[in-house]
Amino acid sequence: DKMSEIKDVFICHASEDKPTVIKPLLAALDKEGITYWYDEAEIKWGESIPDKVNEGLRISRYVMVILSSFFLSKNWPQRELNSALNTESSTGEVKVLPLIVGKNEVKQQIVQKYPIINDKRHLFWNNDASEIVIELKKILGRTDKKNTGKCLETKISNQDIPIPNIPKEFSQLDKNR
């Protein structure tokens with residue numbers, strides 16, 4: 001039962017980024033069946049915010065940090081980030097996935113405050129969640145899972161060439177890469 005609680009990503013963000021970044025991002029995650037911990041959905045009226053956030057961080061495989069100029073002015077999401085970075089350094093596992101909102105000057109401010117982010121591969125938000133979803137699916141191992149469908153090809157042995165199945169499994173972006 002505890003396993004069913006595990007979420008793929010914890011969304012660490014400043015509330016000001018909700019309309020522009022979080023809403024489209026969550027819609028894309030929903031569409032792909034990627035589970036997430038998101039304060040508005042998880043914390044009910046009257047519940048302890050720190051308790052719920054700690055639980056959210058504990059049960060999430062990754063912490064996607066929406067790094068924006070708003071983020072840098074907020075204590076709470078920064079504490080979430082620090083907590084995730086601590087977990088990362090103590091376990092040695094990648095936990096923090098930086099998503100930078102804004103241009104290079106925002107990135108400079110972020111790196112100044114969190115030098116550790118500089119050495120991580122990060123993505124930039126370009127008002128399109130699809131690239132983020134593709135990258136997330138890679139680290140969650142979701143792209144490969146579909147390939148286990150290859151065992152189906154043996155059943156349909158009248159067509160020796162399994163090539164027609166490939167396009168469904170890769171987006172155009174993957175193929176370009």
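User: What makes S1 and S3 a pair of strands?

Analyst: Keep in mind that this is a predicted model. Two strands count as paired if there are at least two bridges between them. Strand S1 (residues 7-12) and S3 have 5 bridges, so they pair, and they do it in the parallel sense. In that pairing, Ile11 has Met64 as its bridge partner, and Cys12 stands opposite Val65.

User: Which sense do S1 and S2 pair in, and how do you know that they pair?

Analyst: S1 is joined to strand S2 (residues 36-37) by 2 bridges, which meets the cut-off of at least two, so they pair; they run parallel. Over there, Phe10 stands opposite Trp37.

User: Why is S3 called largely enclosed?

Analyst: A residue is buried when its relative accessible area is under 20%. In S3 (residues 60-67), 7 of the 8 residues are buried, so the rest of the structure largely encloses that strand. S1 gets that description too, because 5 of its 6 residues are buried.

User: What does S3 pair with in the S4 direction, and how is the crossover between them described?

Analyst: S3 pairs with strand S4 (residues 96-100) in the parallel sense over 5 bridges, with Val65 opposite Pro98. The chain gets from S3 to S4 through helix H5 (residues 75-91), and this β-α-β crossover is right-handed. To be called that, the path over the helix has to run clockwise when the strands point away from the viewer. S1, helix H2 (residues 18-32) and S2 also make a right-handed β-α-β unit.

How values were computed: Residues are numbered from 1 along each chain as its sequence is written. This is a predicted model: local features need pLDDT of at least 70, side-chain atom pairs count only at pLDDT 80 or more; totals for chains, interfaces and linings use all residues. Side-chain values use heavy atoms; hydrogens and water are left out. Buried means under 20% relative accessible area, exposed over 50%, partly exposed in between (1.4 Å probe, protein chains only). Helices (H or I, at least four residues) and strands (E, at least two) are DSSP runs, numbered from the N terminus.
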